[in-house]
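Biologist: Please take a close look at the salt bridges in this model and go through them one by one.

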Amino acid sequence: MNSPIITKVIEEMNDLPDDLQQQVLQFVTTLRQQHLQTSGNAWDVLESLTGTVEAPADWSAEHDHYLYGTPKHQETDS
């Protein structure tokens, strides 16, 4: 199933002469390559998210408590 944007691009492309269609193809290919180079792998994405989630200071040690409501393993000084 094509999105409305893809359909519109195809319609516009059909009205262009062959040499301009070739230029558009080269442009789209370049954009895709740039996107793939900048998107990185899963580890890069995770690293970019490090420190962006607000959570309690004991989140890593007590994640079961915060996720599932189990009793805390350690009592903290409050």
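**Salt bridges**

Modeller: K8 and E12 join their side chains in a salt bridge, at 3.2 Å from N to O; the term means a side-chain nitrogen of Lys or Arg within 4 Å of a carboxyl oxygen of Asp or Glu. This is a predicted model, in which local features need pLDDT of at least 70 and side-chain atom pairs count only at pLDDT 80 or more, while totals for chains, interfaces and linings use all residues. Residues are numbered from 1 along each chain as its sequence is written, and side-chain values use heavy atoms, with hydrogens and water left out.

K8 and E12 lie 4 residues apart in helix α1 (residues 4-14), so about one helical turn separates them. Helices here are DSSP runs of H or I with at least four residues, numbered from the N terminus. K8 is partly exposed at 46% relative accessible area, and E12 is partly exposed at 41%. Buried means under 20%, exposed over 50%, and partly exposed in between (1.4 Å probe, protein chains only).

The whole structure holds 2 salt bridges. D58 and K72 form one of them, at 3.1 Å from N to O. This pair links distant parts of the chain, 14 residues apart: D58 is in the loop between α3 (42-49) and α4 (63-68), and K72 is in the segment after α4. D58 counts as buried at 16% relative accessibility, whereas K72 is partly exposed at 30%.

The D58 side chain also makes a polar contact with the side chain of Y66, at 2.7 Å. A polar contact is a pair of N or O atoms within 3.5 Å; within protein, one must be able to donate a hydrogen and the other to accept it, and residues adjacent in sequence count only if both atoms are side-chain atoms.

Note on methods: Helices (H or I, at least four residues) and strands (E, at least two) are DSSP runs, numbered from the N terminus.
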